[in-house]
Amino acid sequence: MGILDVEELKFKYRDIDLFQKVSFHLEVKEHVVIVGENGVGKSTFMKLISKNLIPDSGKITWLPHIKYSYLDQHLEMNNEIKIIDYLTGTFKSLFLKEQDLIKCYELLGTASEEEFNKLSKRIELINKELEENNFYAISSTISNVTNGLGINNIDNNRLISSLSGGEKMKVYLAKFMLEEPDVLLLDEPTNFLDAVQVDFLAKYLKNFPGAFIVISHDESFIKEIANVVYELNNKQFIKYKMNYDNYLKEREVRRESYLKEYNKEQKKIKEMETFIAKNIVRATTTKRAQSRRKMLERMEKLPKPKNRVPLNITFPFSKSTGEEVLILDNLLIGYDKPLLGELNYKLYKNKKIAILGRNGVGKSTLLKTILGQQKSLGGSYKWNLSADINYFRQEENEFDDVNPINYLRYFYHLKTDGELRSILAKVGIGADLCLKPIKELSGGERTRVRLALMTMKKSNILILDEPTNHLDPMTKLELFDALKNFSGTVILVSHEKDFYDELVDDEIYFD
């Protein structure tokens with residue numbers, strides 16, 4: 001038995017079979033990456049094995065006493081506590097032991113000889129336990145982890161609710177590292193992390209002494225950490241006990257083989273159906289036809305290979321702008337105090353730029369400021385009078401309870417259901433997904449819905465804040481092409497160099 005065994009797993013969501021008798025095994029020290037297109041059920045599987053969902057049938061068995069930690073891709077966490085309390089909460093049992101120790105010391109002064117001896121023994125035992133668990137090095141342990149993830153630049157007394165997406169992710173990862181579980185379950189851990197933190201996390205995972213299961217679409221990251229790849233395809237897992245580069249080669253061989261087997265089976269099914277249709281009513285052959293029909297009904301058929309739904313988008317262009325699109329003049333951005341020094345910059349017509357820098361430095365704050373959503377602390381910014389702006393926010397949660405059709409209708413209330421369905425279909429959100437609440441879609445599907453909204457507006461300036469989070473590699477390429485072909489100006493915040501490197505004319509780095 002492995003650390004985790006999944007046998008004959010079935011799970012249906014809204015009459016759609018996500019998993020059909022799925023098997024999955026995690027062995028000691030296996031570093032597993034789960035890959036697959038958006039919407040095939042990767043995150044649902046992670047919720048099932050972490051006991052956040054209950055399967056329809058089948059077994060999910062963890063080895064007794066195995067401790068695992070689960071990171072949800074949407075960062076569901078207690079937002080109303082301080083960072084330091086969230087991190088030290090990992091050691092709550094040890095702090096309770098310390099309180100017990102202090103109480104024992106206080107009682108020594110008034111204890112009888114017999115009580116004194118008992119208290120002394122208890123103090124000795126508690127001290128031994130605290131030392132074995134490195135209690136007196138907790139501050140330094142926390143500092144080492146927070147320094148590696150860049151949290152040392154954040155005030156530990158801030159509420160988690162005040163943090164950016166990237167800062168929240170780092171705090172969440174820090175808690176994981178401090179818990180030191182046997183198994184890590186990480187769903188899209190690099191979302192919102194900058195290049196330095198992604199590198200730190202990759203090194204941490206490579207040296208992690210236990211096992212982990214990671215869902216990620218970041219191919220550079222996957223190549224660094226995986227020694228086993230599970231591909232989720234056609235409602236089944238295929239295990240590749242190899243690194244990611246070798247998996248890519250082997251995958252093509254297996255796909256060709258599967259397609260041949262599927263076509264061979266379909267030919268056999270068609271022949272049987274033809275025989276049944278011709279012979280079922282003939283007295284001399286009806287028994288043979290009935291036998292074939294029963295055989296056909298009992299046959300366990302191969303699932304049809306799923307055709308990938310492309311991200312078919314174009315960002316419509318409105319009109320030409322003046323030469324100077326945006327001017328920053330001694331602009332100060334921030335909240336209670338400036339995040340950066342005075343910003344001076346001129347953005348010219350039809351240029352595509354990437355805004356880079358570590359998490360929390362002010363990239364998203366700059367976008368909110370120049371869009372008028374956040375008040376500046378000084379200086380000014382000025383858009384060209386002909387600017388038509390189309391904006392993709394890094395996070396959007398206020399529409400979680402509505403379905404994709406009603407989400408688009410909120411902005412374009414005169415559009416018919418048919419028109420909205422057609423727009424969503426172009427980005428791969430078909431009839432089965434149109435009526436689901438957005439919160440029940442995968443991360444990639446949510447992004448597709450928001451990109452669909454952007455295709456409904458004519459503009460000459462696109463502003464996108466981390467648009468590639470949750471997107472699989474092929475969908476990223478399609479988004480890249482759409483941005484490359486856009487005739488106007490593009491302002492992009494991204495942590496994925498592979499995505500923006502060949503796209504932009506200029507890079508602005510905040511430090």
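Which residues lie nearest the centre of the largest cavity? They are E188, T190, N191, K476 and E496, among 13 lining residues. The model is predicted, with local features needing pLDDT of at least 70 and side-chain atom pairs counting only at pLDDT 80 or more, whereas totals for chains, interfaces and linings use all residues. Residues are numbered from 1 along each chain as its sequence is written, and side-chain values use heavy atoms, without hydrogens and water.

On a 1 Å grid over the protein atoms alone, a cavity is a set of points where a 1.4 Å probe fits but cannot get out; a pocket is an open set with protein on both sides within 12 Å along at least five of seven lines; lining residues have an atom within 4 Å of a point.

| Space | Volume | Lining by class |
|---|---|---|
| Largest cavity | about 50 Å³ | one nonpolar, eight polar, four charged residues |
| Second largest pocket | about 1100 Å³ | nine nonpolar, 15 polar, 16 charged residues |

Of the 40 residues lining the second largest pocket, R158, S162, S164, E167 and Y335 lie nearest its centre. Helix α6 gives the largest share of this lining, five residues.

Strand β6 (residues 183-187) has five of its five residues buried (under 20% relative accessible area, 1.4 Å probe, protein chains only). V183, L185 and D187 cover one side, and L184 and L186 the other. β6 pairs in the parallel sense with β5 (residues 68-71) over four bridges, where Y68 stands opposite V183. With β7 (residues 211-215), β6 pairs in the parallel sense over five bridges, and L185 stands opposite I213.

Key
Points joined across faces, edges and corners; volume = space filled by probe spheres on them. Helix = DSSP H or I, 4+ residues; strand = E, 2+ residues; numbered from the N terminus. Nonpolar A, V, L, I, M, F, W, Y, C, P; charged D, E, K, R; others polar. Buried < 20%, exposed > 50% of the residue type's maximum accessible area, 1.4 Å probe, protein only. Pairing = 2+ DSSP bridges.
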